[in-house]
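Dear colleague,

Please find below the structure I promised to pass on, followed by notes on what turned up in it.

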Amino acid sequence: MSVKLRLKRMGRSNAAFFRLSAVDSRSPRDGRVIEELGYYDPRSGDQAKQFVAKLDRCRYWLDVGAIPSGTVSSLLKKSGVEHKQLRLPRPGKPKAAAPEKKESEKKEAPATSAT
């Protein structure tokens, strides 16, 4: 059984909050959980109350091999949890510089005069 740390959506329309849970990877998003670890309320004005988690239990689950989702990884990183399982989103590909034209292509064609 593979365990994942992910968010479970709760609340009503346009007023959602999320519970941080350890779940079996095969269960649906809002399905049965193994353990509730905290909550995330993005609508809360107070930063301290926006993300609350049992960090010692989160570290335990990470130590036994639970895989966090991308959002959970970033929330735990912001809370100060350091672990090799935490992954941050990959940065996008750097934009390639436009290839410069060669000297022969830079030369303009001589203007023809219409007489």
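The confidence figures here are pLDDT values, that is, the predictor's confidence in each residue on a scale from 0 to 100. This is a predicted model, in which local features need pLDDT of at least 70 and side-chain atom pairs count only at pLDDT 80 or more, while totals for chains, interfaces and linings use all residues. Residues are numbered from 1 along each chain as its sequence is written, and side-chain values use heavy atoms, with hydrogens and water left out.

The chain has an average pLDDT of 82, with 74% of the residues scoring at least 70. Where pLDDT is low, the predicted coordinates should not be read in detail.

Five strands form an open sheet of mixed pairing in the order β4-β3-β2-β1-β5, where pairing requires at least two DSSP bridges between two strands. Since β4 (51-53) and β5 (67-68) are at the edges with a single partner strand each, one side of each is left without a neighbour in the sheet. Strand β1 (residues 3-12) pairs with β5 in the parallel sense over two bridges, and Leu-5 stands opposite Pro-68 in β5.

The whole structure holds three salt bridges (a side-chain nitrogen of Lys or Arg within 4 Å of a carboxyl oxygen of Asp or Glu). In one of them, Arg-57 and Glu-35 bring their closest N and O atoms to 3.0 Å, linking helix α2 to strand β3 across 22 residues.

Best regards

Terms used
Helices (H or I, at least four residues) and strands (E, at least two) are DSSP runs, numbered from the N terminus.
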